[in-house]
Amino acid sequence: MATMCRIPVFPHLLQDRCVDPGLSLSLVRSVMAEPDYLEGDCEELIKPKKLLNPVKSSRNHQDLHRELMMNQKRGLAPQNKPELQKVLEKRKREQVLKAQREEQEAHTKRSDLEIELMKRQQKLEQLELDQQKDEEEQENTPEFVKMKSNLRRTKQEANGEELTT
């Protein structure tokens with residue numbers, strides 16, 4: 001005959017049931033969670049095996065799970081947004097892309113007039129920068145150098161008037 005393995009029942013746990021039924025049940029469950037037949041005493045008993053979940057073992061579920069994990073790694077996890085919000089975000093994205101494309105086309109397709117105007121604008125900007133540098137140099141030069149250049153200029157003007165008269 002097979003030996004029967006029994007789970008011990010503690011009577012003092014059952015007495016506490018009237019005081020706090022949730023606590024006593026949890027204590028009974030904790031005792032029952034560790035059966036003694038796993039110790040090897042009852043070799044004749046059939047040991048329980050974990051059942052396979054048919055949903056998780058299905059090929060479709062595995063493929064879907066793999067795809068979701070890849071998207072999660074890439075940062076493309078599905079978001080629970082309302083349909084209206086998704087549509088508005090899509091429109092906004094399309095408008096930004098359209099504006100970028102138009103800007104690129106505007107830069108690539110310039111007429112001859114636009115090219116000439118750009119060249120003139122660049123020349124004017126360069127002249128302004130040169131003038132600013134000259135002014136800064138004049139401000140930083142000592143006063144005696146400025147006076148010397150003024151004297152030369154007045155002397156040349158005086159010599160120029162004598163030659164014309």
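Why does glutamate 136 count as partly exposed? The reason is its relative accessibility of 48%, since partly exposed is the class between buried (under 20% relative accessible area) and exposed (over 50%), with a 1.4 Å probe and protein chains only.

This is a predicted model, in which local features need pLDDT of at least 70, side-chain atom pairs count only at pLDDT 80 or more, and totals for chains, interfaces and linings use all residues. Residues are numbered from 1 along each chain as its sequence is written, and side-chain values use heavy atoms, with hydrogens and water left out.

Begin with the whole chain, coloured by secondary structure. The chain holds seven helices and zero strands; helices (H or I, at least four residues) and strands (E, at least two) are DSSP runs, numbered from the N terminus. Of its 165 residues, 3% are buried.

Next, select helix α4, residues 59-74. Here the side chains of arginine 66 and aspartate 63 form a salt bridge at 3.0 Å, N to O; the term denotes a side-chain nitrogen of Lys or Arg within 4 Å of a carboxyl oxygen of Asp or Glu. The structure holds one such bridge. Because arginine 66 and aspartate 63 are three residues apart in the helix, about one helical turn separates them. Arginine 66 is partly exposed, at 44% relative accessibility, and aspartate 63 is likewise partly exposed, at 31%.

Finally, select helix α6, residues 112-140, where glutamate 136 lies. Glutamate 136 belongs to a surface patch of negative charge that also includes Asp130, Asp134, Glu135, Glu137 and Glu139. Such patches join like charges within 9 Å, from residues with over 30% relative accessible area and no salt bridge.

Methods
Patch = residues over 30% accessible without salt bridge, like charges linked within 9 Å, V, L, I, M, F, W, Y side chains within 5 Å. Areas by Shrake-Rupley, 256 points an atom, 1.4 Å probe, with all protein chains shown as cover. Lys, Arg positive; Asp, Glu negative; His and termini not counted. Charge placed at Lys NZ, Arg CZ, Asp CG, Glu CD.
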